[in-house]
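Subject: Structure handover

Hello,

Here is the structure we spoke about. My notes follow below it.

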Amino acid sequence: MTAPAAQRLVHRTAHLRLRLTRRQTRRCYGLLRSAGDVWAWLLDSNRQRHQQGEPTISNYQALCRELTRRGQFGELSTVGTRSVLRRYSDAWFQAAKRRKAGQQDAGFPRRKRALVPVRCYHGTFSIQGRRVRLPVAKDRPALWVRLARPLPYPPEQVRAVTLLADGGRLWLAVTAAIPIQQHDLDPRRVAGVDLGIIHPYAVVTQQAGLLISGRAIRAESYLHRADQEARQAKAARRAPKRGQGGSRRWRRHRARVRRVEARHRRRVYHAQHQAAKQVIAFALQQRVGTLLVGDPTGITSRDAGRVQNWRLRQWRRTHLVQALRDKAELAGMVVRLVDERGTSSTCPACHQRVPKPTGRRFRCPHCNLQGHRDLVGAANIAAKAGGGPTSVGVPTLVEHRRAGIVPARRDRRRHLDDQRRRRSCLASGHPPGDPASGGCRSLCVPDLTRGEDHATPPTRANVA
Ligand SMILES: [Zn+2]
């Protein structure tokens, strides 16, 4: 096995929500706003230099010298301010590198942002259980924040923390250096992984198969889309014209859309992480050393119809691959992307082309092999291991797992969706027409034939 001489480390980041008092919230937003001021100062001073024909300052050390001349930004500590300089410098050099490589649309940083994340590296913050002290300017009182869940890493492994705002909430991104786990794996054992929407991962080894259901993710996506569409339709007439400032209601609507979008993204990502975790557990159990993953890149480049296009773009396959890659690397496995063309329409037994199955069942008309379509795809991907054993068939022993949480029956979005479709609603928790509770409110569609005084009083739920 690998030599234990130098323990290899990988960096992993977890986003933890902050649980704060009002005062702490105000101070945290103050820090982010000050960081935004630093960002704006960098953009402005460089634009001024450009207009006066002077060279742009993008080097980190040079920016630090400029900073000492400029002085303090709000409550921001020197460490926090410098992290913004680092961010700017990195973005600038990244763009310069891309320009050099011929990518002419690579943009240098030029957009001002109200809130910019503040990063603090090891030694400038301290952790006590769930409490973290963030550095602030010297003359200000210490700022302690509380994490909403326990730290997923041992405190001594934490290398940096980043304060940031996303979807109207404050988060602390905690980065830790974690040693790679030592497992007794066989590098010649290969598992094929087929990525999909119905099943985020379908995994096949020589002995066994694993199918992970994406039902929860799909249900969440469906409800989210229906909810956002209804919200947009309702708010469309309040949208400001071009060049016009929005109303307060419009701004509130925009904030709500962002918040809901962030929540949806979190739920999908969480489910995908769960699914990837199960794949790794399965692979460890099978002592798999190499994961071959069907590369879905380019799948969105062709038009597949309105609904399927939308589904493919909602799939978040990059995250799906990345989650698996991260976890595999930590477990000491190798992940390789292979071309997945033709893997769902080739028979793994007789290697003949088969018409693409419409449902989930795969049946070969030449040799009568039958199996699950996604597992067949995974078996074909596993067979692409160059030089290795290629006798991967469709296994008979298949585990089924779920990932994510199906939206609860009492989810507000589900209630509203039922209402829009004039379905009886289970969300309110009492049967329709129950006189004791006044029945489900969602069934009370305003009766237009009656006089005005009998119409249902407008509630939050039934105003169109
Ligand atoms: Zn066949």
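Along the sequence, the residues that donate to the zinc ion follow the spacing C-x2-C-x13-C-x2-C. Cys350 sits in the loop between β12 (334-339) and β13 (361-363), and Cys367 in the loop between β13 and β14 (370-372), so this pair ties together parts 17 residues apart in sequence. Strands here are DSSP runs of E with at least two residues, and helices are runs of H or I with at least four, both numbered from the N terminus.

This is a predicted model, in which local features need pLDDT of at least 70 and side-chain atom pairs count only at pLDDT 80 or more, while totals for chains, interfaces and linings use all residues. Residues are numbered from 1 along each chain as its sequence is written, and side-chain values use heavy atoms, with hydrogens and water left out.

The zinc ion is coordinated by the SG atoms of Cys347, Cys350, Cys364 and Cys367 at 2.2 to 2.3 Å; donors are N, O and S atoms within 2.8 Å of the metal (3.2 Å for Na, K and Ca). The angles among the four donor atoms are 105 to 115°, and the site is tetrahedral (for four donors, all angles between 85 and 135 degrees). Cys350 has a relative accessible area of 28% and Cys367 has 35%. Cys350 is partly exposed, and so is Cys367 (from 20% to 50%; buried is under 20% and exposed over 50%, with a 1.4 Å probe and protein chains only).

Elsewhere, Trp41, Leu42 and Arg49 in α1 meet Leu63, Glu66, Leu67 and Arg70 in α2, where contact means heavy atoms within 4.5 Å.

Regards

Note on methods:
Tetrahedral: all angles 85-135°; square planar, octahedral: opposite > 155°, others 65-115°.
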